[in-house]
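Subject: Structure for you to look at

Hello,

Here is the structure I said I would pass on. Please open it before reading the notes below it.

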Amino acid sequence: MPTISINRDLLFKALGRSYTEEQFDELCFKFGIELDEVTSDKLIILKEQGTERSAGASEEIIYKIDIPANRYDLLCLEGLVQGLQVFLGEKQFPAFKVVPPVTVPQRLIIKPSTASIRPHAVAAVLRNIHFDQNTFSSFIDLQDKLHQNLCRKRSLVAIGTHDLDTVHGPFFYEALPPDSIKFKPLSQSKEFTASQLMDLYSTDSHLRHYLPIIRDSSVYPVIKDSNGVVLSMPPIINGEHSKITLDTKNVFIECTATDLTKASIVLDTLVCMFSRYCGDQFTVEICEVETPEGKINNYPILKNRHEKISVDKINTMVGINEKADEIANLLTRMCLTATVEGTGSISVEIPPTRHDIIHACDVYEDVAIAFGYNNITKTLPKTNTIASQFPLNKLSDQLRDQLAQAGFTEALTFSLCSKEDISEKLRKPLNSVPAVHVSNPKTLEFQVARTTLLSGLLKTIAANRKMPLPMKLFEVSDVVVKDSQRDVGARNCRNLCAVYYNKSPGFELVHGLLDRLMQLLEVPLDQSGSKGYFLKPCEDATFFPGRCAQIIFAGTVVGIVGVLHPDVVTSFDLNLPCSALEFNIEPFL
Amino acid sequence: MATAHGEKVLKYLEENGTASSLKLAELWNEDHQKIVGTVKSLLCLGEVIEADLQSSALWDLTEEGKQVAKDGSHEAQVFNAIPPAGSTQAEIVAKVTEVNSKFTKDMAKVGFSKAMSLGWIVVDKSSGAPKFIKKVTSIQDKVQEHLKELATGKDTLTNELRTEYKKRKLIQEIIIKSYLMKPGPSFSTSVTKQETDLTPEMIASGSWKTKEFKAYNLNALGTPIPRGHLHPLMKVRAEFRQIFLEMGFTEMPTNNFVESSFWNFDALFQPQQHPARDAHDTFFLSDPSTATNIPVDYMERVKKVHSHGGYGSQGYGYDWKIEEAQKNLLRTHTTAVSARMLYALAEGGFKPAKYFSIDRVFRNETLDATHLAEFHQIEGVIADYGLTLGNLIGVLYEFFRKLGIEKLRFKPAYNPYTEPSMEIFSYHPGLKKWVEIGNSGIFRPEMLLPMGLPEDVSVLAWGLSLERPTMIKYGYDNIRDLVGPKVNIQMVADNPLCRLDKHRGSEMKETDDLQDLENRMDSIMTRLRGIETEVKKLKRQGKTTEEKLTLVIEADPKYPPRSIQTLVRLLVARGDARTIVTVHQHSSLASACPTDLMQWPNLTVSDGSRIDNQCNLTWIWKPIGRHPIVKIVNRPNGDIHGEAAIARLLARILESWTDCAMYENFDSSICSQIDDWLDTWEGCIQSGDSKFLMLIRRIQNQLGHPDGRKWLVGPLPGVKSLADIFLSNLLGDKLNTLNCGRKLARFSPVKGI
């Protein structure tokens with residue numbers, strides 16, 4: 001969820017009134033945003049860098065506000081104020097216009113070479129814009145917020161904004177070998193080739209994150225004007241030549257992308273938010289984008305989409321009973337212009353700022369928000385169903401109760417562990433263990449899913465060596481093993497594991513526990529092996545030679561019981577004899 | 001055990017009411033220790049007698065003292081050995097030792113110097129070799145007389161003489177511990193031993209009828225019983241499970257941690273570029289890395305709704321890839337299972353259903369005190385025709401009411417697979433604010449319709465984590481104390497029943513500021529009373545028995561307790577040199593103490609001999625942090641912590657020795673002012689600089705008194721109260737670094753003398 005920082009005084013000035021913190025918090029809650037933190041530059045620096053650095057910093061109050069991830073239209077002061085004012089019924093939502101210029105439109109020509117790296121581009125022009133320091137910062141901040149969220153850290157879309165009066169169209173978007181791109185990038189005093197830039201920015205705390213998007217490609221995207229001046233090398237950096245300043249009058253916006261839909265949304269959002277500062281308010285100048293196939297498309301699209309909604313359906317979904325015109329009023333407050341059409345039907349106009357609305361259900365939600373979630377009458381569904389437990393969970397819980405009654409204490413360990421926890425430490429080669437491997441673990445603790453509960457219990461004992469002896473622990477939980485029969489290639493196994501840790505191994509105790517559990521499960525001791533259970537001597541590297549047996553139930557091996565090998569004991573930082581029992585309970589269902 | 005001796009004591013008690021063991025020993029001419037043994041065995045019988053342990057001190061002759069009583073003082077013996085014409089020292093010594101074989105050269109040395117200083121003898125150097133001659137003709141050997149008198153049990157020595165004889169090792173103090181007895185509540189002159197417990201033999205023989213049985217101590221705890229335990233988190237899980245079952249929800253089979261991206265994300269209409277699908281947030285698998293057997297038709301419908309829309313949706317308008325959907329992962333939510341269940345429900349012909357699950361989910365997130373890579377998700381799902389958002393709100397109220405939560409409110413939120421979406425907040429009476437407790441919503445048509453569910457079916461769903469309510473319930477602030485192998489098994493053993501609807505745990509307690517204050521006062525009072533008793537004991541020793549007091553003060557050289565150093569200096573200076581201070585540094589110190597901490601100016605630091613001093617004070621520099629500790633040796637549980645408490649103790653000792661007024665020797669109103677200042681200071685140490693500035697302001701106000709006073713508490717200038725000594729020293733260092741007003745500059749540290 002993106003968080004935006006807004007100067008409180010600027011916000012209240014734009015809203016035309018001020019609020020107490022509680023009042024504003026309440027308004028946010030209703031509207032579906034969240035006042036996350038109240039701070040100031042000074043406090044932020046104080047917290048991060050200490051008293052000395054914060055000395056000269058501004059003490060103006062900053063509101064940090066959490067915005068839902070799909071509301072790109074609220075990511076800047078302009079959009080937030082517009083949304084809140086319309087919600088409060090204080091302002092009407094403006095209509096946005098796309099107009100052709102007096103002369104020929106600007107044209108962006110996409111060359112076929114971009115296909116392999118970043119095939120799409122869109123563009124627009126904001127004419128006669130007037131920035132002041134605050135709106136200029138807001139314009140830059142919004143681009144940054146869009147880059148981080150909707151643009152997925154510039155991988156899907158990258159925005160470039162330029163002073164149109166410093167360059168001459170038409171513009172060419174192409175992909176060139178890195179060494180043939182040479183220009184003076186933003187905030188640098190000399191020219192660099194693209195390869196040099198990759199080196200230069202490899203240590204830049206901000207830009208280095210974007211380098212992998214194009215680094216390994218044989219060609220890099222670049223936008224030039226008709227004189228060969230480089231405007232930008234998306235998605236990394238713009239040129240110094242065309243950079244916008246407080247004095248910029250005409251802004252050329254280009255968005256390059258791997259996802260055309262998102263590029264168009266980004267362009268719409270940007271121009272909707274800032275066309276208010278144009279000489280002709282809420283009006284955007286059209287640009288022509290020529291595809292490699294020679295097709296000409298006009299941007300920005302700024303389309304008002306219409307959706308026809310049934311009043312009954314709205315009332316049913318939300319659980320209210322409102323008339324059509326009241327619902328239209330509610331929708332108007334959510335920036336959706338709604339008109340009642342005949343009986344029981346509403347036509348909703350979805351503006352280009354609300355790309356989050358892709359289905360009628362999104363409109364239902366806006367009705368509910370405008371109505372107030374907490375004003376909806378609560379009712380119980382009439383759904384009448386008979387409950388049942390998942391049989392395996394029921395059996396597990398019954399056995400857990402019995403284990404505790406037998407004097408064992410339940411541990412709760414992690415399903416993920418390190419490779420050595422299930423192999424070396426148990427004296428088994430990793431390739432003999434049918435374990436599921438994680439491809440991107442952040443630490444050793446999450447390398448594999450456990451194939452046994454034993455290691456977790458031994459780790460628990462190690463962390464509790466100060467407890468009086470004997471220690472008797474158990475866990476009934478899932479382990480994961482590979483299984484090619486399943487669609488995902490793995491399955492869970494519900495295992496029961498118990499360990500006894502004392503000055504003597506106590507094999508007879510875990511053996512007795514097994515007998516007791518079998519008695520509870522009504523499984524008889526049966527050496528012939530066809531119906532009941534029995535123990536069959538075996539050798540297992542984890543256990544002490546001659547002190548280990550397989551548990552056979554109905555002819556198949558379900559588990560193992562024995563005295564742990566001393567090397568296993570010491571590999572878990574323990575020093576006393578330990579016996580253990582582990583078996584799969586699923587066959588006993 | 002119940003000897004004739006014991007009955008004799010009881011009889012005496014019956015006749016006389018009280019008895020001292022010392023007196024009985026004298027009366028019956030018995031060894032005192034034997035009487036003490038009898039008293040102790042009588043005490044074991046229960047409440048037959050009561051006895052107070054008393055210690056009294058008396059002065060007795062040493063071996064050397066006994067010699068003096070018999071043969072005369074060293075000086076008298078020397079005097080008597082000098083012939084009328086005088087003699088050399090060697091000759092005199094030879095003569096004395098000839099008369100008295102026990103007389104040593106050391107004794108002779110003492111004898112000569114004492115005789116000289118008494119003016120009994122002089123040195124005559126007129127005839128070359130120095131000779132001793134008598135200066136007086138006769139002497140009175142007072143030392144011998146005093147010791148003879150003491151030997152008979154009469155103690156009339158003045159303090160000076162006692163000190164002198166003690167120094168000469170002629171007398172010594174003997175402490176006698178004795179008992180003062182009186183009849184107890186079940187007093188009787190006939191003694192029968194009480195039985196500890198019933199035995200099989202007693203039952204067999206019937207002897208229990210005549211026996212007396214020792215009372216049980218019901219204030220002690222019983223023996224812990226051997227038992228097994230269930231894990232606290234699993235107990236909370238059982239409670240939630242029970243609630244769902246009571247509400248008619250069927251448990252979903254969630255025993256599949258490995259899931260495909262398709263079921264975990266795509267089926268839920270979560271686009272393939274969604275941040276949650278990043279490797280930063282999700283554990284993907286390298287083996288088995290991909291899933292197969294995704295239902296083909298269904299997958300085509302999912303692909304279409306993502307890339308082109310349909311079912312009334314615009315879709316996301318991107319190029320959906322099967323490779324992305326096939327990637328295996330550890331499920332990030334149990335909603336993946338809900339999706340499988342709903343798909344199966346649609347395949348088998350839809351019937352209304354209510355499902356729930358509580359099971360593990362996995363997130364590749366940054367770990368902290370409240371986040372682990374795996375946790376338990378609780379999920380509830382209701383699928384039926386015509387369900388409304390009002391229904392969801394109604395069900396959530398009922399669900400949380402069963403957990404004992406009545407106050408709810410809902411905030412609009414965003415979630416890729418629900419629309420409308422609501423975050424659930426509940427009012428936390430302990431934190432006095434609304435806290436988020438879960439998420440909820442109605443599944444999107446783009447998720448349900450491709451599964452084949454009828455168009456007018458809605459599915460309500462909500463989820464929360466199991467760990468968070470458990471942490472709140474049992475008051476944990478680190479999740480690792482609750483789950484994982486590092487959990488303390490004792491915690492599992494001590495954990496109470498889980499009754500979520502019963503507000504008893506730490507979580508629901510209303511905090512009351514006034515109550516807090518009262519509790520704080522109570523704890524301060526208890527501590528003070530403890531110190532008071534301690535000091536009263538010390539006073540008694542200091543004044544009546546002159547028993548040695550040995551104090552060990554530990555302090556950190558990083559935070560030298562200046563006020564205590566000052567008080568120690570005062571103890572040395574005003575306590576008639578009865579205190580010897582030794583300063584050490586502990587081996588655990590990282591670096592050597594600065595010299596000014598090891599050698600205190602104006603203070604003789606002892607070489608370590610600690611024989612005759614009344615108070616031995618050992619000062620140890622040790623890395624123990626801000627709060628110094630004083631240990632009173634031979635007094636277990638006598639540790640006193642914190643600068644203010646130690647200052648109080650030292651002030652009381654000082655007052656008991658010298659009768660000066662600095663703390664409790666003032667009248668009580670001043671005394672309580674002093675306490676107030678000390679408490680304020682303690683508050684500062686706990687809460688840092690903001691409070692400290694308040695303290696400075698208070699001091700400034702106090703010093704702003706119209707009489708231009710330079711002190712905080714007390715009626716007179718020149719009489720420094722403990723508060724003045726304490727605060728001026730504490731502030732000394734800080735004042736230099738702070739910009740203090742003129743007034744504060746007057747408040748100069750009191751430096752001992």
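The notes below cover salt bridges and then one surface patch.

Please keep in mind that this is a predicted model.

Salt bridges

Side chains of opposite charge can pair when their charged atoms come close. Over all chains, a search of the whole structure finds 52 salt bridges.

One of them joins A:Asp540 to A:Lys428, with the closest N and O atoms 3.1 Å apart. This pair links distant parts of the chain, 112 residues apart: A:Asp540 lies in the loop between strands E27 and E28 of chain A, and A:Lys428 in the loop between helix H12 and strand E23. A:Asp540 counts as buried because its relative accessibility is 16%, under the 20% limit. A:Lys428, at 28%, counts as partly exposed.

A:Asp478 and A:Arg494 also form a salt bridge, at 2.5 Å from N to O. Here A:Asp478 sits in strand E25 and A:Arg494 in strand E26 of chain A, 16 residues apart. Both A:Asp478 and A:Arg494 are buried.

In chain B, B:Glu324 pairs with B:Lys327, the closest N and O atoms being 3.2 Å apart. B:Glu324 is partly exposed at 23%, and B:Lys327 is partly exposed at 34%.

There is also a network of salt bridges that links A:Asp397, A:Arg400 and A:Glu410 with B:Arg237, B:Arg241 and B:Glu251.

Surface patch

B:Leu198, B:Ile203, B:Trp208 and B:Phe213 make a nonpolar surface patch of about 390 Å². Of these, B:Trp208 is in the loop between helices H10 and H11 of chain B. B:Trp208 is partly exposed, with a relative accessible area of 40%.

Regards

Key:
Residues numbered from 1 in each chain as written. Chains lettered and ligands numbered in written order. Predicted model: local features only at pLDDT ≥ 70, side-chain atom pairs only at ≥ 80, totals over all residues. Heavy atoms only, no water. Patch = residues over 30% accessible without salt bridge, like charges linked within 9 Å, V, L, I, M, F, W, Y side chains within 5 Å. Areas by Shrake-Rupley, 256 points an atom, 1.4 Å probe, with all protein chains shown as cover. Salt bridge = Lys/Arg side-chain N within 4 Å of Asp/Glu carboxyl O. Helix = DSSP H or I, 4+ residues; strand = E, 2+ residues; numbered from the N terminus. Buried < 20%, exposed > 50% of the residue type's maximum accessible area, 1.4 Å probe, protein only.
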